[in-house]
Amino acid sequence: GAHAAAADALFMYAHVEHWCTPEKFNGFTSPPVHLEPLPPGERRAKLPMFCKGDAANIAKKKYQPHFAWGQLVSWFKQTVYDPSASLSAERRGTMSLPDPESFYACAPGEYRKRERKAMLKSLERKPDAMWPTTWSFSFRNPAKVYGSPWLDDAIGAGRGEAAKTPGLLREL
């Protein structure tokens with residue numbers, strides 16, 4: 001009973017085929033883009049808040065170290081100024097499995113009563129969705145090593161392979 005959550009975590013870890021780490025990338029600030037002032041009488045738009053009212057701030061962009069990875073993960077969010085800002089949330093459960101120690105954070109019996117059922121249902125219906133923050137799991141990952149069976153399925157789909165998640169869920 002008390003080790004059921006840890007057993008599930010270890011089962012997930014054991015079934016990951018592809019592990020990855022982010023490539024080292026140094027952040028930088030782009031050189032400013034020269035902006036031409038509008039002719040007199042043209043309607044002027046308010047500058048976004050991140051510009052702090054200064055047009056020079058909109059003319060350059062700061063690229064954080066995980067900008068490229070954030071852009072690949074959040075390509076569909078074209079209005080996001082810094083795609084790396086939500087990267088840790090986006091990879092919860094999809095690319096990063098929970099810290100095995102966090103499976104002992106659940107109240108005794110809580111995992112078997114509610115969280116396990118909710119986790120299995122979520123993985124069955126939408127394995128590519130971020131895991132809710134309401135679950136007891138932590139995604140602490142000091143080694144910055146990523147992988148999950150659901151990510152393996154996405155890689156396999158690109159190669160024309162059948163998904164393995166349904167079989168894994170039956171075993172769990």
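**Exercise 1.** In this predicted model, determine which residues Asp8 contacts, leaving aside its neighbours within four places in sequence.

*Solution.* Step 1: with those neighbours set aside, Asp8 is in contact with Tyr111, Arg116, Met119 and Leu172.
Step 2: one of these partners, Arg116, is joined to Asp8 by a side-chain polar contact of 2.6 Å.
Step 3: Asp8 itself belongs to helix α1, which spans residues 4–14.

**Exercise 2.** Classify Asp8 as buried or exposed.

*Solution.* Step 1: the relative accessible area of Asp8 is 7%.
Step 2: a residue counts as buried under 20%.
Step 3: Asp8 is therefore classed as buried.

**Exercise 3.** Locate Ser96 in the chain, classify it as buried or exposed, and list its contacts beyond four places in sequence.

*Solution.* Step 1: Ser96 sits in the loop that runs between α4 (87–90) and α5 (110–125).
Step 2: its relative accessible area is 4%, and Ser96 is therefore buried, given the limit of under 20%.
Step 3: apart from neighbours within four places, Ser96 touches Arg91, Phe139, Asn141, Tyr146 and Gly147.

**Exercise 4.** Describe the protein chain as a whole: what is its pattern of elements, and what percentage of its residues is buried?

*Solution.* Step 1: the chain contains 7 helices and 2 strands, arranged along the sequence as α-β-α-β-α-α-α-α-α.
Step 2: of its 172 residues, 31% are buried.
Step 3: the accessible surface amounts to about 11,600 Å², with 58% belonging to carbon and sulfur atoms.
Step 4: among contacts between residues at least 6 apart in sequence, 69% join residues at least 24 apart.

Terms used:
Residues are numbered from 1 along each chain as its sequence is written. This is a predicted model: local features need pLDDT of at least 70, side-chain atom pairs count only at pLDDT 80 or more; totals for chains, interfaces and linings use all residues. Side-chain values use heavy atoms; hydrogens and water are left out. Helices (H or I, at least four residues) and strands (E, at least two) are DSSP runs, numbered from the N terminus. Buried means under 20% relative accessible area, exposed over 50%, partly exposed in between (1.4 Å probe, protein chains only). Contact means heavy atoms within 4.5 Å. Accessible areas come from the Shrake-Rupley method with a 1.4 Å probe; for residues, only the protein chains shown count as cover. A polar contact is a pair of N or O atoms within 3.5 Å; within protein, one must be able to donate a hydrogen and the other to accept it, and residues adjacent in sequence count only if both atoms are side-chain atoms.
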